[in-house]
Structures are given as C-alpha cells and as structure tokens.
Amino acid sequence: MLTTHPFHYEDGGSEDGDHLREECGVVGIYGADTAAAVVALGLHALQHRGQEAAGITSWDGHQFHTHRASGHVAGNFDRDDVIRRLPGQVACGHVRYATTGDTALRNVQPLYAELFSGGFAVSHNGNLSNAMHLRRQLVRRGAIFQSTSDTEVIIHLVALSSYRTLLDRFIDALKQIEGAYSLVCLTPEGMIACRDPLGIRPLVMGRVGDAYIFASETVALDMVGASFIRQVEPGEIVIVSDRGVRSHRPFAAVRPRPCIFEHVYFSRPDSIVDGTSVYSVRKRIGAELARENPVDADMVVPVPDSGVPAAIGYAQESRLPFELGIIRSHYVGRTFIQPGDGIRHLGVKLKHNANRSLIEGKRLVLIDDSIVRGTTSLKIVEMMKDAGAREVHMRIASPPTRHSCFYGVDTPERAKLLAAQMSVAEMADYIKVDSLAFLSIDGLYRALGEEGRDAEGPQHCDACFTGDYPTHLTDQEDVAPGDQLSLLGERAA
Ligand code: SF4
C-alpha cells in the first residue's frame, strides 16, 4: 500500500529520517473472541513498520465495523470503548505511514467497500507498480475512487470482474496487478490472505487456540501467544472460513524474490523472515563486513538501534571491543517536521549523543545499516569528532543504496540518494570520515546463507542496490508525470 507524500515526516520517536522506511504492516485473525483486541496487540508488535496511522475492521457475523485513526496503535486501540465498537471473531488491521492533511484518513487502512458479495475489507503491505496505469483505465470505465491509495485499485478490479464467484473475481484482479502485495482481506464468507507471486513482502501464518492469524512478521504472532505455522508462500492464496483452511495457487510458479532489505533493516531483529532469524543474519552481515573491510581500530561502535546486531558481528569477527559510543534517547517524542537539511540535522542531535568519556582519543569503527541521503551519517560523524574521536572509519552493513524502491518502501527520488550521486570516495569526503566501505552484494547474499548473487541468479529483490527490478514498472515507464498529477492530485512516491 503506497500513497503519496506531499512532504515527508520526520518521526523523532522511533525511526531515523535518513533510513528507508517500510510503509506498512498487516495482521488478520479468524476465529478468536475479541478478535479486534488480538489484532491491536499484533499491530502493536508491527508498529516499526508504520507509525502514522492504524486501523482495524471486524466482522461480527452480521456487520462490519471499522475504526481508523492517525497516530500509533497505543493511544488509539488500547481503549476499551474502541475495542467494544469492533465486535466479532474475525478482524484485520493495518499500520502505515501516511500522507497528511485531508487525504490522511481516507487512505488509512483497512479500506472497505460494499461489493456484490457483501462487504470487503483489505489491508495491504506493498505497492503496486502498475496502479496508476490501471486506475486510469478504471476511471475511464466509470470507477469512482474514494482514496489516493493503490490498494483501492484491487477493490475496483474485484468489483468489475466478469467472473461469478468472489474467489474467481479476486484471482482475476490479482492477475491484472503487478508489484508487491501481501494482503489480508475480510469478507462475510471468511478471511483471504495472499502474497504476490514473487513474495516481495513477507506474510506469515500462525495459530492461537482455535484461531488462525496472519501477520507481516512473526513478532506479531509472539505478541499474541500464537505458534508459527508457516509463511504464506509466494503466489499463494489462503482462505480461512467455517469450512476450514484452503490454499490456492493460481499463478504459474516463478522464482521468488523476497525483499532483501527486510533482513538488513525493516524487520524486527526478533522476527523470523524467510525461515531465518533476522538477528542472526544481521550478525553474519557484520562478520562479512569485517572480513571484507577490516580496520585497525580501538573499538566498534553501532549507530543505534539498527546498527547494533551488525556491529556485534563485526566486533566478534575482528576481535575488537564492542562499545556503546552513541547513546540514543528514547524519549524524544514525535516531531512532525517538514524536510530541510537544517531541521533533519536537529532531529539527529535530538536522538543521539556521543558517549564522550568512552570515545575520546579513540579510533572508531562506526557501523550503520545503510546510507540514504547521508544527512544522519554526516551529523553523527561530526558528533564523534567533536567528542574527541581520533579516527572515524564508517562501515555500512549493506551495499550502496543507488535506486528507489517501488514496492512499498518510502525512498527518496534517486537524485537524493547519496550513493546514486557520488562514488564511495566522494561519499567518504562528504560525510568526513577517515574511511568508508560498504558490504558487497555477494557478502550480503553470503550472510543469508546463499552462494552469492550471481551463483544461481538473484534469490531476492535487491533492486535498491542493483537496479534489477523483479517486475515491470509500468507506472514509471508508461505514465507521464502530468498524468499522475491530474489523476491523483499528488505524485506517487
Ligand atoms: Fe526491498 Fe529494495 Fe526491493 Fe524495495 S527495491 S523491495 S527495499 S530490496
């Protein structure tokens, strides 16, 4: 699910403004008492995937009920009065980054529509890469859109399909869309969960008591005491109803390409993604980084919090001490600040402080997960030098981010990606480090337990590093910017 960003927020409470940001997280549960309360707990565990808005839709056997709001899950869905207004044993929910102003609430998911078959609610993680192309066709056919979200295209395609059953209409819709989608849908007949044929965004399935639960990450299952059953397979549709659990695979099998950045940054380190512990992968990434790019230094310092597991791996492999040379404030609170380099720098200062007594006179290996615009790196290096660090050697736990993501991740346009504009040596000069090195793409694959990117062909989407997009990018290729503006009112990210 991706909508447009008239301006970006900087969320001082939880994410750095200079990281790629996952756009969404989804949860669905079928067959639990107070299903909405369980979904709210699951969404709470996925808060890192989207912090601007949250929503839950429930089905009580007769009616659908929805509550959608700006802000965090806590504060909106930890209230008895809200949960009481979402009765039923079936519910789905969503957390997201959002646009602002009057477009905000209508884009908050789950989206809901009355179809021929009854109500239909959908929560979507991902982004369709041909949404605007399809939207133009649908508008010409008379479709009236209520939001600027690409997810609504799916609803219109289901509504207008010429097939008879809801499942056939749903499959017909999926066959017309391209890009990334992990969906959890609510209908009067049951819950539908599915993943795009490449499995770009994650989706897992679990069991708690007699209920089935779907979620973007296993941490949501942990949160509600559910046991992990398996991931929803790429291209699979799972239906849970009073007739049990059914699986459909309407697509021709293709080699899956799950997002490699889930392992680098997006997923919580305590999640299992593609069958692998994210924390373990991040430590192995650090070890690979140390083998590829060793430094003669006194200590390894992570940029908290996301650089911590890779820094532990780097320190263990290089036999250097791991030290908390940067302390992160967890009490900054939410700051809604429009971009502008000066303000971004202020955000970094609010969130991080140098542990001066530790780093004074020392040679540091500074570990971060990625460099996007470079603004955070620049200020953190400056902070380390101001605090007396003798040398700062930066090591990045991923390859240079040179390309934008069109699959549900908030990336700046290419012109603002530092690595798209500069060589590594130029980047080192820009952020004022004594040396700078990135993990190689093959090193990243090795950390995932794979031979290397080209040994068997890419087994992940790694397009933000390589530019090798696993789907057509129809909207980028076909639609002139003017068309996008006139159709959506805003240009898609
Ligand atoms: Fe993930 Fe990058 Fe692919 Fe986007 S382009 S899905 S962030 S690997």
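**Close-up views of a predicted model**

**View 1. Helices α5 and α6 cross.** Here helix α5 (residues 151–160) and helix α6 (residues 166–176) have axes that come within 8 Å and cross at roughly 130 degrees. Axes are lines fitted to C-alpha atoms over the stretch in contact, with angles from 0 to 180 degrees between N-to-C directions; helices are DSSP runs of H or I, at least four residues, numbered from the N terminus. That angle makes α5 oblique to α6, since under 35 degrees is roughly parallel, over 145 roughly antiparallel, 65 to 115 roughly perpendicular and the rest oblique. This is a predicted model, where local features need pLDDT of at least 70 and side-chain atom pairs pLDDT 80 or more, while totals for chains, interfaces and linings use all residues. Residues are numbered from 1 along each chain, and side-chain values use heavy atoms, without hydrogens and water.

**View 2. The contact between α5 and α6.** On the α5 side, I154, L157, V158 and A159 make the contact, meeting L166, R169, F170, A173 and Q176 of α6 (contact means heavy atoms within 4.5 Å). By class, that's 7 nonpolar, 1 polar and 1 charged residues (Ala, Val, Leu, Ile, Met, Phe, Trp, Tyr, Cys and Pro count as nonpolar, Asp, Glu, Lys and Arg as charged, the others as polar).

**View 3. The second largest cavity.** Among the 15 residues lining this cavity, C259, F261, C405, C461 and C464 are the closest to its centre (on a 1 Å grid over the protein atoms alone, a cavity is a set of points where a 1.4 Å probe fits but cannot get out, and lining residues have an atom within 4 Å of a point). Helices α8 (261–266) and α17 (463–466) each give two or more residues to the lining. The lining has 13 nonpolar, no polar and 2 charged residues.

Key: 1 Å grid on protein atoms, 1.4 Å probe; cavity = no way out; pocket = protein on both sides within 12 Å on 5 of 7 lines; lining within 4 Å.
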